[in-house]
Amino acid sequence: GPVLDSELDVHGDTVNVASRIESLNKQYQTGILLSDQTRELLKGAVPVREVATTKVKGREQPLTLYTPVP
C-alpha cells in the first residue's frame, strides 16, 4: 500500500478524533465540545464545564470533554 509520512498520520489522527468529538455534540446536547488538551491550551480564557468522560474510537484512554459556559 501507499507509504504515508508520519506527520500526515499525526494530523490525520487529530482530525479523526476531532470529528468523533464533534459528533458527540448531539448526544450531549451541546454546540461545542472541547477535549481536555484544548481546555488546557485555553488556560482559563474561556470558562468551561465538564460534560463527560467517554471512550472515543481510536483512543485507548477515555477523553474528558468540556463545553464553554456563558
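1. T30 counts as buried because its relative accessibility is 13%, where buried means under 20% relative accessible area, exposed over 50% and partly exposed in between, with a 1.4 Å probe and protein chains only. T30 lies in the loop between helix 2 (25–28) and strand 1 (34–35); helices (H or I, at least four residues) and strands (E, at least two) are DSSP runs numbered from the N terminus.

2. This is a predicted model, in which local features need pLDDT of at least 70 and side-chain atom pairs count only at pLDDT 80 or more, while totals for chains, interfaces and linings use all residues. Residues are numbered from 1 along each chain as its sequence is written, and side-chain values use heavy atoms, with hydrogens and water left out.

3. Neighbours within four places in sequence aside, T30 is in contact (heavy atoms within 4.5 Å) with N25, R49, V51 and T67.

4. L65 belongs to strand 3 and is buried, its relative accessible area being 0%. The C-alpha atoms of L65 and L34 are 5.5 Å apart in space, although the two are 31 residues apart in sequence. With neighbours within four places in sequence again set aside, the contacts of L65 include I21, L24, Y28, L34, R49 and V51.

5. Which elements each supply at least two residues of the lining of the largest pocket? They are helix 1 (6–23), strand 1, helix 3 (36–42) and strand 3 (63–68).
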